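Here are a few notes from going through the model, jotted down as numbered points. Have the viewer open while you read.

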Amino acid sequence: MSGSQDQARLRVAVTGATGDLASLLLPLLEQDERVERVLAIDTSKPPAHGPKVDFHPIELSQQGSETLLAEALTKTGIDVVCHLAFIHGRVHSPSFAHELEVIGSMQVLSATWRARARRLIVPSLTALYGARPHHPAFLKEDTPLLGSPGSRFLNDRVEVEQQLQAFRKSHPELEILVLRFAPIVGPTVNNPMTRWLKTRLVPTLLGFDPLWQVIHEEDAARALQHALFAKAQGAFNVAAPGVLSLSGLVRQSGGAVVPLPHAAARAAIHALEMSGVAAVPEPLLDFIHYNLVADSRRSREELGFVPSYDARDAAASLRGV
Amino acid sequence: MAKGVLGNDPFLRGAAPREEKAEEGPPERGPAAVSRRPAKPRAAGATALGSERPAPARPRSKGKNGARPSRLPASVSGKLNERIAPGEQLAKVDGQALPHPEAPEKAAVNDRPAISSPSPSPTTTPSRSPSTPTTTTTVELGGVEENRGRGLARLVRLLASTSFEKAAAAARGLGRALATGLGVGASVCLDDYGRDAELVRALEPWSAFLYQRYWRVRVQGVERVPTGSAILVANHSGALPFDGFILHLALDRERPELNQSRWLVEDQVFHAPFVGPLINRLGAVRACPENAVRLLEENRPVIVFPEGVQGMGKLFRERYQLKRFGRGGFAKLAVRHRAPIIPVAVVGAEESLPLLYKLPGKWLGAPYLPLTPLGPLPLPARWCVRFGEPIEVSQLPREAAENPAEIQGLTDRTRETIQEMLAAMLEERSSVF
């Protein structure tokens with residue numbers, strides 16, 4: 001029994017190790033007995049890490065990072081790569097962000113395959129489906145990813161998903177698991193969603209109140225941890241149970257909606273964007289207009305992951321932050 | 001005036017029931033006066049502590065020692081509670097005296113001397129003689145206090161009455177619906193399709209009014225709706241989409257044991273501002289095959305209107321003439337998911353919201369603006385909803401769904417059945433309103 005336990009102990013590599021999700025995931029992996037070693041990869045060292053974590057600096061946006069990464073992975077004998085090198089904070093250079101997310105993901109893909117790692121876990125977004133008027137009430141994983149034209153943030157991630165899709169077809173021996181998270185909210189994460197909710201006076205469209213989902217940051221980290229050991233592959237929607245109206249979400253997180261007529265809303269959002277105050281960028285107006293509810297049934301049934309916070313509590317975690 | 005200033009002397013009118021009614025007012029509504037009244041069983045002989053106490057009793061204290069207790073309108077509660085001396089036993093329950101609910105407050109407020117003189121004070125123990133004319137003192141104090149007392153008592157009675165309660169509930173429901181329409185509803189108890197159970201409950205006064213009193217909906221044949229999944233196909237009528245909601249209500253009331261039904265609305269309604277979110281929170285679901293499939297898999301009755309917006313766009317003179325039934329989507333669904341088709345005929349909706357004319361609506365982004373007699377308000381026509389015999393599809397193989405002839409046959413059959421039912425019901429109808 002103890003022998004098989006040692007065999008089952010995984011060596012995990014985490015890219016983007018200083019990011020929000022990694023900061024939540026690494027402590028979980030420290031505690032997890034099934035994880036033998038963690039190789040943290042980023043440009044700078046993660047602030048506080050325990051004995052299991054080894055740091056290896058690699059700049060993913062650089063040419064040649066694939067070779068460096070493949071060497072590091074092979075040397076440590078990594079089994080599972082968790083690719084979290086995505087930028088959720090405010091982006092000062094869109095071209096750099098594109099380099100990192102799209103090119104960087106491609107490097108990680110090839111390096112993982114070359115190092116003969118077994119699995120690759122990549123977080124994604126349900127927002128990639130795009131909020132469209134013709135969408136059904138529950139979006140399944142086979143819905144095409146329409147993204148949001150004009151949003152670099154979403155379009156880059158759509159490109160990443162497309163790369164993963166193509167790679168999966170051509171290299172079936174690498175198990176790729178994509179977790180499409182509903183907007184991640186919580187006290188520590190910083191992403192466009194939380195920045196928008198934290199402005200407390202949230203402009204919305206008068207006469208519209210679309211349905212939203214969220215997921216608590218701890219549940220997102222737990223989902224990633226669960227995915228390391230799960231026997232499934234493919235794409236899964238992961239969201240907290242329950243659905244909130246946009247006004248309900250804003251109210252639960254401690255803010256208030258400011259409904260504006262369509263034209264005025266566009267102008268207000270544009271002005272806020274120009275002035276640098278965090279607000280929902282113009283291309284994302286669709287999300288405050290149409291519903292976007294993803295069906296997370298498969299993640300519960302096939303993947304076996306059950307979130308511990310429901311939508312209401314996840315939204316409430318933003319209060320007072 | 002032995003009858004008393006307010007004409008409501010409890011001992012003369014046997015007003016104990018009224019007092020209890022006033023006492024039953026829920027604490028959180030109305031003025032503090034009602035809420036502060038101790039909701040406790042009355043000991044025998046206990047007297048009214050509340051509204052019937054004439055206000056003029058208080059000013060007497062002023063003459064006594066100049067101390068001026070707080071007066072209305074600052075706090076009705078203070079006014080009424082002053083009747084009770086601090087620490088006074090209000091009643092005995094099981095031999096134990098109940099403490100005064102406002103005891104600490106009383107000490108601060110009630111600095112005046114006992115009102116007892118010149119007549120037995122209303123604040124003395126419950127055991128005082130019923131024949132004590134407590135109200136006689138008021139007569140001596142003059143007309144102003146009398147009127148104030150009368151007005152106060154009337155106000156408290158009004159606020160304690162159930163009709164006020166109902167009006168307040170209706171107003172709350174309306175406020176909630178308006179908030180939902182504007183998009184500031186902030187509800188957190190939505191089901192996965194967006195239905196807001198609290199909103200529906202809050203609108204219960206209105207939906208009950210519409211269903212029972214305004215439209216007097218009569219339902220026939222509801223026992224024909226099977227348990228489990230079923231597709232209820234109805235004619236779409238009226239300029240505004242009330243019929244889905246009324247059918248949903250009818251199933252809810254007449255067949256509560258069934259899984260909760262949902263009705264499908266067309267995009268033009270679902271994505272319309274104000275109406276869209278509201279109708280979604282009431283239970284409407286966007287009409288598309290994926291949604292219908294999921295609802296059927298949940299074993300619900302699904303209400304569909306194959307005429308679509310064309311059904312709503314019928315002018316009044318074309319009423320009850322069914323339009324084309326689309327491409328037969330409901331028939332395919334029925335065959336694929338083995339769900340029986342129940343034809344439903346609704347009579348009365350056309351007359352409630354007759355579409356008199358289609359005004360140009362392009363400037364608003366709508367294909368047309370409906371011209372109805374009272375704008376968005378419906379007329380009080382009588383509604384009659386008849387459920388027809390189920391059209392079973394279980395004998396057809398699943399592949400029949402791909403056979404256009406079969407599907408067309410089913411669609412036509414359903415349409416004819418509904419048209420016949422409508423004709424019969426219109427024949428039988430004695431009056432429109």
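1. A term first: buried area here is the accessible area, with a 1.4 Å probe, that two parts lose on being put together, summed over both. Keep in mind as well that this is a predicted model. With that in hand, chain A and chain B bury about 2100 Å² between them, and carbon and sulfur atoms give 56% of that.

2. Who takes part in the contact? On one side there are 27 residues from chain A, and on the other 26 residues from chain B. As for polar links between chain A and chain B, the count is 12 residue pairs in polar contact, both residues being at pLDDT 80 or more.

3. Which elements of chain A supply two or more residues to the side that touches chain B? They are β12 (244-245), α8 (246-252) and β13 (256-260) of chain A. The largest share comes from α8(A), with 4 residues. By type, the chain A side splits into 13 nonpolar, 9 polar and 5 charged residues.

4. Salt bridges next. The rule finds 2 of them across the interface of chain A and chain B. One to click on is A:Asp295 with B:Arg294, where the closest N and O atoms are 2.9 Å apart.

5. Over all chains, the same rule gives 30 salt bridges. Among them is the pair A:Asp79 and A:Arg118, at 3.8 Å from N to O. A:Asp79 sits in the loop between α3 (65-76) and β4 (80-83) of chain A, and A:Arg118 in the loop between α4 (94-114) and β5 (119-125), so this pair ties together parts 39 residues apart in sequence.

6. Finally, have a look at the surface of chain B. B:Leu174, B:Leu178, B:Trp206 and B:Phe209 make up a nonpolar patch there, with about 380 Å² of accessible area together. Helices α9 (162-182) and α11 (204-214) of chain B each give two or more residues to the patch; B:Leu178, for one, lies in α9 of chain B.

Methods:
Residues numbered from 1 in each chain as written. Chains lettered and ligands numbered in written order. Predicted model: local features only at pLDDT ≥ 70, side-chain atom pairs only at ≥ 80, totals over all residues. Heavy atoms only, no water. Contact = heavy atoms within 4.5 Å. Salt bridge = Lys/Arg side-chain N within 4 Å of Asp/Glu carboxyl O. Polar contact = N/O pair within 3.5 Å; in protein donor to acceptor, adjacent residues only side chain to side chain. Nonpolar A, V, L, I, M, F, W, Y, C, P; charged D, E, K, R; others polar. Patch = residues over 30% accessible without salt bridge, like charges linked within 9 Å, V, L, I, M, F, W, Y side chains within 5 Å. Areas by Shrake-Rupley, 256 points an atom, 1.4 Å probe, with all protein chains shown as cover.
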